[in-house]
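Here are my notes on the model you sent. Please read them with the structure open.

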Amino acid sequence: MPAIITNLWFDSEALEVAEFYCSVFPNSGIDLVTNYTDVGPGPAGTPVTVDFRLDRTRFTAINGGPHGAWPR
């Protein structure tokens, strides 16, 4: 059976959130950070996605900005 990976949408704080939760839960870590390039749409070098695991459960955090978030 394929794995289900939960995706979490943030404006710009995906890496900070992943780092925080990885520091709280044992057997956790960040596996991959993908950054914007010179072609954008965000500033080059800033994270777009962060793949991380919390005690063997996988997550992807996405810096998608406010335009794709649920109404607040």
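This is a predicted model: local features need pLDDT of at least 70, side-chain atom pairs count only at pLDDT 80 or more; totals for chains, interfaces and linings use all residues.

The points below go from the sheet to the core and then to individual side chains.

1. Four strands form an open sheet in the order β1-β4-β3-β2. The pairing is mixed. β1 (6-10) and β2 (28-35) are the edge strands, and each pairs on one side only. On average, neighbouring strands are turned by 20° against each other, direction ignored.

2. The helix on the sheet. α1 packs on the sheet and touches β1, β2, β3 and β4. The direction of α1 makes about 15° with that of β3.

3. The β2 and β3 pair. These two strands run antiparallel and are joined by seven bridges. In general, strands of a sheet pair through backbone hydrogen bonds, either parallel or antiparallel.

4. The core. Which residues make up the largest nonpolar core? There are ten: F10, A14, V17, A18, C22, V50, F52, L54, F59 and A61. Two or more residues each come from α1 (14-24), β3 (47-54) and β4 (57-63). The largest share, four residues, comes from α1. Nonpolar side chains in soluble globular proteins tend to be buried together.

5. F52. Beyond four places in sequence, F52 touches L8, A18, C22, G29, I30, D31, T57, R58, F59 and A61.

6. The salt bridge. The count comes to one. The side chains of R53 and D31 meet at 2.9 Å, N to O. R53 sits in strand β3 and D31 in strand β2, so label both: the pair links distant parts of the chain, 22 residues apart. Are these two residues buried, partly exposed or exposed? R53 has 30% relative accessibility, so R53 counts as partly exposed. D31 has 44%, so D31 also counts as partly exposed. The band for that class runs between 20% and 50%.

7. S28. This residue is found in strand β2. What lies 3.1 Å from a polar atom of the S28 side chain? One such atom is the backbone oxygen of P26. Another is the backbone nitrogen of D55. Leaving aside neighbours within four places in sequence, S28 is in contact with C22, R53, L54 and D55.

Technical notes: Residues are numbered from 1 along each chain as its sequence is written. Side-chain values use heavy atoms; hydrogens and water are left out. A nonpolar core is a set of buried Ala, Val, Leu, Ile, Met, Phe, Trp, Tyr and Cys residues joined through side-chain atoms within 4.5 Å. Buried means under 20% relative accessible area, exposed over 50%, partly exposed in between (1.4 Å probe, protein chains only). Contact means heavy atoms within 4.5 Å. Two strands pair if DSSP finds at least two bridges between them. Axes are lines fitted to C-alpha atoms, for helices over the stretch in contact, and angles run from 0 to 180 degrees between N-to-C directions. A salt bridge is a side-chain nitrogen of Lys or Arg within 4 Å of a carboxyl oxygen of Asp or Glu. A polar contact is a pair of N or O atoms within 3.5 Å; within protein, one must be able to donate a hydrogen and the other to accept it, and residues adjacent in sequence count only if both atoms are side-chain atoms.
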